[in-house]
Amino acid sequence: MINGKKIIALCTSRVYDVLVYGFIKKLNETLQKENAHLLIFAINSDIYWDESAVCAETYVYDIMPYNELDCILIMDEKIKSHTVSDRIIKRAKSENVPVIVVDGDYEGTVKIGFDFEAGFEAIARHVIEDHHARRPHMMAGFKGNPFSIQREEVFKKILADNNIPFDESMISYGEFWADPTREATKEILKRDVLPDAIICANDIMAINVSAVLQDNGYRVPEDVMVSGFDGFEEVFYVSPKIATSSCDTTLLAEESGRLALKLASGEPAGDIHITPKLIPNESCGCKSAMSSLSGYLANFNNNFYRHQDDTRILYNVSSNMETSEDIPAMASCIHNIKTNNSLTVVDNYIFDFDKNYFMTDINHERTPDFHIIYDADYADKHSSELLSVPKEVFHDTTVNTEVSVLSGNFRERILSLMESGYPLLFNSLDYMNKPFGFNCYYYREFVITNYSKSTIVTNGISNGIGGFVNLQCQKNLIKKMDDMYKHDSLTGLFNRVGFQNAYDTMKELPENQGKPVTVIMSDLDGLKLINDSFGHAFGDKSIVAVADALKRACPPEALCARYGGDELFAVVFGKCNPDEIIRKIEAYLNLYNQGTTLPYATTSSSGAFTGILGPDFEFKKALKLADDNMYIAKNRKRTGIIS
């Protein structure tokens, strides 16, 4: 409960599905009457009971604010993964949050759903008993799947009740989907005697069985009757219309809302079973029937072709994000008419380009640091901060250690969005099957095409951010390799190749022509004696100290290089005071010696030469003259200093 209002979470899949959308709309309406908020946590694909699948988008269920929820609704048959549902239930139990499972059966939860067994039995009996099918065939789902097994047993029971002998050839497996069903139907058509009815375990299979039969010259229902189950909207928009048993999601949503409010108030509640409604239709030989959900499909169709363009638009958004120069530019590319009413939250660790978040596992052992990088309502107020959001509203520099959609510096923003009266929809952001944040959609009206659009927006933003991170990591790696190629590994100064490239560029700049150019040589005193007396490791330390002193003493734009050994020099374009630079080198080394416990003092001798950059300027000659002056300085040093 937050601010005195109950918070109900719905875990589901494919919110753009007409039946799921209808469920959400009615559920929200029921909860709003009691001033309760609905939060939707959704994946955008069915897992189809493949428990071995590692599906990153299910991360959205891990970032629910369990400790603030009053009840959780799980649409188990929509998510289609016992592993995922078990994970949600286990976490809910740890926070004492009551769980309602829609169309599923889990210990310690309240169950609500359709009596699938009774609903399937009604349509199967209608075909066999009312239409007198004597050679019925069943198109089942997955072999061994609980839902399929249940319907297979019902089929066998009805056959026995009607004295029709059963054998295994009377069942085919369409795996609840189109392509396997079409292949299975083609195999049936190879038989010498065709069934007079094909009873399907769901509507998708029934639609495809009917299509294959008609494509091969058979009439439905005259030659072969076909029936489905579920009551999908599509069964009313094919020819012939498919006979089915309808699972009225409006009734289910209303009952689910009441049940959730009851449990959220601490009241006891039992399981609820709703019997699907038998809908005889053209495919079994009955009169034509239509659905009460036709308005949803009409709305969807009115916008369908416009939303075909969305894929291309979001592709362009992703491409622009991937090729952005920096993080603020990438975040600003999210803004588009298609991303209205959405905000994006990501783990700040993905922007550590020294370690590719998506190519390593170490990042996923630490707590994510969630930050908001985009909010459509504030898109015109983006700052130039590291994370492109209005600093005064969202951004802070703290590390967010809580992991939920109601944590961190975006909590107040999301709480304010909940007051609209419409549900908030959350999708996980993932790339290369690794989650890294979430998108929140705050639609301020119920339009099914918005819910449909959320899927490609999530995919587009996921790919855009993931591609951007990968490209930045590649650029970072290339830069490191380039630095290794151009810089001395011991001192970090330019090596010969790096210096020559940089010098060739600087000497050609018009603003440097006719201006002074100064070469400063700085040579470590007594390198051979240090190496012989204390070892080369100590000699390297002293070389590094002199190199650091040279770089710090010179102007920032100076080109500092090590040609090898203790040959260190700098080139300064423009006016400078070489004597002052040499004094600074000595001063830095004095400070270094005061702060070290080395058994000797690190000193250097320096010399300089200044000429005018032009056609007659010879760098090698200038370097030689600076080197000569350096040796003059070295020879003038007092005795007692290592030389």
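## Strand β13 and its neighbours

In β14, Thr344 has Tyr374 as its bridge partner. This is a predicted model. The pairing of β13 with strand β14 (residues 370–375) is antiparallel and runs over five bridges. Five bridges also join β13 to strand β16 (residues 434–441), again in the antiparallel sense. In β16, Tyr441 is the bridge partner of Ser342.

Strand β13 covers residues 342–347, and six of its six residues are buried. In a regular strand the side chains alternate between the two faces of the sheet. In β13, Ser342, Thr344 and Val346 point one way, while Leu343, Val345 and Asp347 point the other way. The residues on both sides are buried.

## Aromatic pairs

A search of the whole structure finds 30 aromatic pairs. One of them is formed by Phe41 and Phe426, which are stacked, with 5.0 Å from centre to centre and 10° between the planes. Phe41 belongs to strand β2 (residues 37–43) and Phe426 to strand β15 (residues 424–431), so this pair ties together parts that are 385 residues apart in sequence. Phe41 has 0% relative accessibility and therefore counts as buried. Phe426, at 0% relative accessibility, also counts as buried.

The pair of Phe120 and Phe229 is edge-to-face, because the ring centres lie 5.9 Å apart and the planes are at 90°. Phe120 lies in helix α4 and Phe229 in the loop between β9 (225–227) and β10 (244–246), so the pair ties together parts that are 109 residues apart in sequence. Phe120 and Phe229 are both buried.

## An aromatic cluster and charges over rings

One aromatic cluster is formed by Tyr21, Tyr422, Tyr441, Tyr443, Phe446 and Tyr451. Among these, Tyr441 is also the residue of β16 that bridges to Ser342.

Lys541 lies over the face of Phe538, at 5.3 Å from the ring centre. Arg552 lies over the face of Tyr588, at 4.4 Å from the ring centre.

## The second largest pocket

The second largest pocket holds about 390 Å³ of space. Its lining consists of 18 residues, and those nearest the centre are Asp103, Gly104, Asp105, Phe116 and Gln150. Elements that give two or more residues to this lining are β5 (110–114), α4 (116–130), α5 (146–161) and β11 (272–274).

Strand β5 provides the largest share of the lining, four residues. By residue class, the lining of the second largest pocket divides into seven nonpolar, five polar and six charged residues.

Notes:
Residues numbered from 1 in each chain as written. Predicted model: local features only at pLDDT ≥ 70, side-chain atom pairs only at ≥ 80, totals over all residues. Heavy atoms only, no water. Buried < 20%, exposed > 50% of the residue type's maximum accessible area, 1.4 Å probe, protein only. Pairing = 2+ DSSP bridges. 1 Å grid on protein atoms, 1.4 Å probe; cavity = no way out; pocket = protein on both sides within 12 Å on 5 of 7 lines; lining within 4 Å. Points joined across faces, edges and corners; volume = space filled by probe spheres on them. Nonpolar A, V, L, I, M, F, W, Y, C, P; charged D, E, K, R; others polar. Phe/Tyr/Trp six-rings, centres within 6.5 Å; stacked < 30°, edge-to-face > 60°. Lys NZ or Arg CZ within 6 Å of the ring centre and 35° of its normal.
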